[in-house]
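Hi everyone, thanks for coming. Please have a look at the structure on the screen, and then I'll walk you through a few parts of it.

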Amino acid sequence: MADQIIRSLGNPGLSRRDFLGASIIGTAAIYAGSGLALLTTSPSARAQASGHHVLRAVDAVYFTAMLPAVIVQARSPEASSAFLVSIERMLAPAAPNTLGAIRDLVDLLTGLLTRPLMTLTWTDWPKMTPDQAAEILEDWRSSSFGLKRIAYALTTSLIRTAWYMQPDEQALTGYPGAPKKIVEALVSTGEA
């Protein structure tokens, strides 16, 4: 079956049966990789990050390592701390399945056995330099492997959105912030 799929991928006349077969194989690979990542990630890494309700320790380490590769001016510890608060606020209202998908991807990207496969480096995220992280992002962006392109899109989108949600950064970009009626509604419900 795998030979059929490989041959038909080069053929524009991909049949429905071949497409479904490829989809099943791809889904199985993602679940197997995610399960492997969970098995190789320590329970302490999956615990909540200190001072956060949504971010886990592994999430904080991953996003902190990738932040300076996406936002060049964010290369200070103070910037990382404010950024983690911002990403926490952004993810807090996320639907459980959305948050679960983000966590599954982070588990895959940080797992002891799966990280080297996805990043092509043995360096742990806390020891990753901004240049190494930028090289990984570039590899993901131009990869023919769909999961790497998803990792690139998700990582860069989450980081940019959380970064520019910070009031100081909004002022630099000229963004006036959320409309006042939305901010007032969030304050009145205690979400802001």
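Leu120 is exposed, with a relative accessible area of 61%; exposed here means over 50%, buried means under 20%, and partly exposed is in between, with a 1.4 Å probe and protein chains only. You'll find Leu120 in the loop between α7 and α8. Its phi is near 60°, a positive value in a residue that is not glycine.

A word on where this comes from: it is a predicted model, where local features need pLDDT of at least 70 and side-chain atom pairs count only at pLDDT 80 or more, while totals for chains, interfaces and linings use all residues. Residues are numbered from 1 along each chain as its sequence is written, and side-chain values use heavy atoms, with hydrogens and water left out.

Now, is Arg115 buried or exposed? Arg115 is buried, at a relative accessible area of 4%. This arginine lies in helix α7, residues 114-119. Leaving aside residues up to four places away in sequence, Arg115 touches several residues, among them Leu108, Leu109, Trp122, Asp124 and Trp125; a contact means heavy atoms within 4.5 Å. Leu120 is also one of the residues that Arg115 touches.

Let's step back to the whole chain. There are 11 helices and zero strands, where helices (H or I, at least four residues) and strands (E, at least two) are DSSP runs numbered from the N terminus. Of the 192 residues, 37% count as buried. Among contacts between residues at least 6 apart in sequence, 59% join residues at least 24 apart.

Next, helix α4, residues 57-70. Which helices does α4 pack against? One is α8, residues 130-142, at an angle of about 85° with the axes 8 Å apart. Axes are lines fitted to C-alpha atoms, for helices over the stretch in contact, and angles run from 0 to 180 degrees between N-to-C directions. That makes α4 and α8 roughly perpendicular, the word for 65 to 115 degrees; under 35 is roughly parallel, over 145 roughly antiparallel, and the rest oblique. The residues in this contact include Met66 and Pro68 of α4, and Leu137 and Trp140 of α8. By class, the contact of α4 with α8 has 12 nonpolar, no polar and no charged residues. Ala, Val, Leu, Ile, Met, Phe, Trp, Tyr, Cys and Pro count as nonpolar, Asp, Glu, Lys and Arg as charged, and the others, Gly among them, as polar.

Helix α6 is another partner, meeting α4 at about 70° with the axes 10 Å apart. Val58, Asp59, Tyr62 and Phe63 in α4 meet Arg103, Val106, Asp107, Leu109 and Thr110 in α6. That contact divides into five nonpolar, one polar and three charged residues.

Then comes α9, packing with α4 at about 80°, again with the axes 10 Å apart. Here Tyr62, Phe63 and Met66 are among the α4 residues, and Ile159, Arg160 and Trp163 among those of α9. The tally is eight nonpolar, two polar and one charged.

Finally, α9 itself: the buried residues include Leu147, Lys148, Leu158 and Trp163. Seen down the helix axis, the buried residues of α9 fall within an arc of 165°, so they line one face; the arc is taken from the directions from the axis to the C-beta atoms.
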